[in-house]
Amino acid sequence: MKVLFFAALRETMGRSEIEIVLEAPTTVGALKSMIKLPNGETLNAVSRTQSIMAAVDQEMVDDLAMVSVASEVAFFPPVTGG
Amino acid sequence: MYRSILIQVEDFSLDAALAELKMQSGLAGGLCFFTGAVRNSNLDEAVGGLYLEHYPGMTERQLDQIVDEAARRWTLHGAMVVHRIGHLKPGDNIVLVAVSASHRGEAFDACEMIMDYLKTNATFWKKESIPDGYRWVEARSSDEAKATAWDA
């Protein structure tokens, strides 16, 4: 499955996209504890101090949402368009 | 109902948008246009320019859903949303929301709701250039309050 990062989070991660091989479906929250920043912190730890939003297959979701082995997941900061 | 949703690097023309909305959406008595432009300061610092990014595919779908919601609440003849991405300078156009309806009340309300939802729900992010370098713009709670007010 593919995980995308946008805006400030893309810069913190140092990349816009990673591939993760999931053995079985999981939750967005669980996925966040599998993803590590370059400094070793997990995305889950970061999300305790700053707001990180998530989308699964291009729909906004919360941490309890399910992620399938073929989902496109994205993490990003709160939006600031307009 | 006519609708057009565009995310583009290029500038847009208000004259062209007005002509398109009039031609495509029939005899609407009220046409309301909102344009947002790049400011030259933010949080007491000079802003030299903006970089805007979006989530290709998702953002287009979100804008479409926002227009759906406006069309559910009001009888609209047409709605157009144009949002620019990439590098922009102070004074440049960023966003256009244009709505046509039979009367002005519906056009004003729908235009404002689309804009309020776009600010808080659509996946766009701004990075601004300031004297010290760059910073990502942070979401404002006042924008969130404006958007949630429509749900009351």
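**Entry 1**

I began with B:Leu50, which stands opposite B:Glu128 in β9(B). The model I am looking at is a predicted one, in which local features need pLDDT of at least 70 and side-chain atom pairs count only at pLDDT 80 or more, while totals for chains, interfaces and linings use all residues. I also noted that residues are numbered from 1 along each chain as its sequence is written, that chains are lettered from A and ligands numbered from 1 in the order in which they are written, and that side-chain values use heavy atoms, with hydrogens and water left out.

I then looked up the two strands: β5 (residues 49-54) and β9 (residues 124-130), both of chain B, pair in the antiparallel sense over six bridges. For my own use I wrote down that two strands pair if DSSP finds at least two bridges between them, and that helices (H or I, at least four residues) and strands (E, at least two) are DSSP runs, numbered from the N terminus. Strands of a sheet pair through backbone hydrogen bonds, either parallel or antiparallel.

Which strands make up the sheet, and in what order? I found four strands of chain B in an open sheet, ordered β7-β5-β9-β10, with antiparallel pairing. At the edges stand β7 (86-88) and β10 (133-136) of chain B, each with a single partner strand, so one side of each is left without a neighbour in the sheet. Neighbouring strands of this sheet are turned by 25 degrees against each other on average, direction ignored, where the axes are lines fitted to C-alpha atoms.

**Entry 2: chain B as a whole**

I counted four helices and ten strands in chain B, and along the sequence I read the pattern β-α-β-β-β-β-α-β-β-β-α-β-β-α. A compact globule of 152 residues would have a radius of gyration near 15 Å, and chain B agrees with its 16 Å; the radius is taken over C-alpha atoms, and the globule rule is 2.2 Å times the number of residues to the power 0.38. Buried residues (under 20% relative accessible area, 1.4 Å probe, protein chains only) make up 48% of the 152 residues in chain B.

**Entry 3: the nonpolar cores**

A nonpolar core, as I use the term, is a set of buried Ala, Val, Leu, Ile, Met, Phe, Trp, Tyr and Cys residues joined through side-chain atoms within 4.5 Å. The largest one has 32 residues, and B:Leu63 and B:Ile114 have the most contacts inside it. The elements that give two or more residues to this core are β5, α2 (58-73), β6 (76-84), β8 (93-101) and α3 (104-121) of chain B, and the largest share, eight residues, comes from α3(B).

What does B:Leu63 touch, not counting residues up to four places away in sequence? I listed B:Ile5, B:Ile7, B:Val81, B:Leu118, B:Ala122 and B:Phe124, with contact meaning heavy atoms within 4.5 Å. Apart from this core lies another, of 21 residues, among them A:Met1, A:Ile18, A:Val28 and A:Val56.

**Entry 4: chain A**

I found three helices and seven strands in chain A, which run β-α-β-β-α-α-β-β-β-β from the N terminus on. The radius of gyration of chain A is 12 Å, close to the 12 Å that the globule rule gives for 82 residues, so chain A is as compact as a globular protein of that length.

Technical notes: Axes are lines fitted to C-alpha atoms, for helices over the stretch in contact, and angles run from 0 to 180 degrees between N-to-C directions. Buried means under 20% relative accessible area, exposed over 50%, partly exposed in between (1.4 Å probe, protein chains only).
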